[in-house]
Amino acid sequence: MPGKDRDANPERSADKSKREPVERLKAEQTLHEPWAQLMSIFDAIDEKVYVSDPVTHEILYVNPAKRSVFGQNIVGQKCHKAFQGLEVPCDFCNNHMIFGENLGKTHIWEFQNRKNGNWLRCIDRAIRWSDGRMVRFEMAINIHDRKVAEEALRASEQEYRSIVENLNEVVYTADAAGRFSYVSPATEAITGYTAPQIVGHFFNEFILAEDLDPVRKRWAEVLSGQVKPTEFRIVKKSGETVWVRTYSKPIFQDGKAVGLRGVLLDITEYKETEAALRESERRYRVLLETMNEGFAIADENGVRTYANQRLCDMLGYKADEIIGRPVSEFLDEEGRKVWAREFKKRKKGDSSPYQMNLLTKDGEALPVIISPKPIFDEKGVFKGSYSAITNIRDLKRTEKSLIEREKELKVKTTNLEEMNAALRVLLRRMEEDRRELEDKVRLNLEQMVQPYLERLKGVGLSDRQRKDFETLQANLQEILSPFTHNLLIDHPRLTPSELQIACLLRQGKTSKEIADELSLSSRTVETHRRNMRTKLGIKDKKTNLRSYLLSNQYT
């Protein structure tokens, strides 16, 4: 056969035997060229590459990037010794992830090298080596800087979260529609709701109905970049209402605002204080505007910054005609000197009142008393003063009238003193005449009446006549004694009937005896006795009326 003839040709057999080695060499060269190219690629890349036997852990290949870190002569060493400094295979060796049932799979993992501390991202895979065996291929990408940055970011994030979650204020994020995606734990103290109870809900679910429209408007404005605080009321879980203030900024994604991030704080106490201050300010303003005194405030340069209505009325100006003008414009030349001197005292903290004249709009000098008080800031810097201004024009007129009246009174006093001197002389003379008359009457009674009474004692008298005689004799004796005279001097309001009863009481007569003698009822006598106690000043005292009348002061 033709084939058989060809094989039987010795020359052709010799040619074939010569061609086979050449063809095998060509085949081997063809096989080694891609492998050499692969090794050339491994040698050229900056990432660290090595190949090891999975059974013996012997290093078969290390690229220059790997050698630059672990040494030039590590091929043939054990991978765990060369790379980790260990005498035995690594406990984290993951050959099982790329061999056996996982053959053909790529395993990607991260770890920190124990020898140099660097973080690496490893790409492992089983590959067929040039001698036909399956070996471990690993490319290690240095991610140390990224890991350090991630760790720093994680620590920073943890610190930020710790700060946020320990703030008294609520930190929140929400999408553009107003649905909360994060709320810090402080929300429970302010709203009564826990963070999980709020996340996923819309902001308008917690806002007081009457504040909702303004808040919606502000939400849209903040999303558009108009960042400023917003104050509104929210309804707590308990139903209570609290005031809050929010500061929000838009969250941008691809240049578009996709939500808000902000802080919310409880300002209820601040609002209550603010309302109290407004009310206090209103009360004080009403007080200042309705007080009878003028009141004004001047700055450190002596320019009026406030004037109440009373001061405006006093000077005849409107408030806007006074405010913004120097105090000196409302003073005459002498007043300017006084004010300049006193204003220097204000700067030193002195607040002594002083008098001066203000000029009214009509040019009239208005006398006033200025009661100033300096104003200093927290650093002790003089910032002006406020003053109460008292109109003393009427006081000055009264003072002038009093001076004139005092002069008149001095003249009248002199005249009265002269008249009093004359009256004292006249009274002394009248007293002397009275005593002289009393002495004459007493003498006449003793000489002309008493002797006849003594004679009548021996005459036989009836009981009634004797009684009358004794009364006559007693009365005459009273006339001759100083009792009646002294009693009238001290108590001129006593009536003649009361004097008569007083004399009979001194004689020891009872009310019934007095009533019989004076033909009066006992009730009338008792009434006289009560009136006498009142006039004598012993009404509420336990003093006996007869004992009082017998006292030495009237004998």
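Which charged end sits over the ring of Tyr-270? In this model, which is predicted, the ring of Tyr-270 has the charged end of Arg-245 over it, at 5.2 Å from the ring centre.

## Charges over rings

The placement of Arg-245 over Tyr-270 can be read together with another arrangement of this kind, in which the charged end of Lys-271 sits over the ring of Trp-243 and lies 4.5 Å from its centre. Strand 9 spans residues 241-253 and helix 9 spans residues 268-290, and these are the two elements to keep in mind when turning to the sheet described next.

## An open sheet and the helix on it

Five strands form an open sheet whose order is 7-6-10-9-8, and the pairing within this sheet is antiparallel. The edges are taken by strand 7 (180-183) and strand 8 (230-235), each of which has a single partner strand, so one side of each remains without a neighbour in the sheet. On average, and with direction ignored, neighbouring strands of the sheet are turned by 30° against each other.

Within this order, strand 6 (residues 170-175) pairs with strand 10 (residues 256-266) in the antiparallel sense, and the pairing runs over 6 bridges. Val-170 has Leu-264 as its bridge partner in strand 10. Helix 9 packs on the sheet, where it touches strand 8, strand 9 and strand 10, and the direction of the helix makes about 125° with that of strand 9.

## Aromatic pairs

A pair of aromatic rings is described by how far apart the centres lie and by the angle between the planes. The structure holds 16 aromatic pairs, and one of them joins Tyr-172 and Phe-180, whose ring centres are 5.9 Å apart and whose planes stand at 90°, so this pair is edge-to-face. Both Tyr-172 and Phe-180 are buried.

Ring pairs also link several residues into a cluster, which is made up of Trp-339, Phe-343, Phe-376 and Phe-382.

Ala-365 lies in strand 14, which covers residues 365-376. Is Ala-365 buried, exposed or partly exposed? Its relative accessible area is 38%, and because this value falls between 20% and 50%, the residue counts as partly exposed.

When neighbours within four places in sequence are left aside, Ala-365 is in contact with Asn-357, Leu-358 and Leu-359. Leu-331 stands 34 residues away from Ala-365 in sequence, while the two are 8.6 Å apart in space, taken from C-alpha to C-alpha.

Definitions and conventions: Residues are numbered from 1 along each chain as its sequence is written. This is a predicted model: local features need pLDDT of at least 70, side-chain atom pairs count only at pLDDT 80 or more; totals for chains, interfaces and linings use all residues. Side-chain values use heavy atoms; hydrogens and water are left out. Helices (H or I, at least four residues) and strands (E, at least two) are DSSP runs, numbered from the N terminus. Buried means under 20% relative accessible area, exposed over 50%, partly exposed in between (1.4 Å probe, protein chains only). Contact means heavy atoms within 4.5 Å. Rings of Phe, Tyr and Trp (its six-membered ring) pair if their centres lie within 6.5 Å; planes under 30 degrees apart count as stacked, over 60 as edge-to-face and the rest as tilted. A charge sits over a ring if NZ of Lys or CZ of Arg is within 6 Å of the ring centre and within 35 degrees of the ring normal. Two strands pair if DSSP finds at least two bridges between them. Axes are lines fitted to C-alpha atoms, for helices over the stretch in contact, and angles run from 0 to 180 degrees between N-to-C directions.
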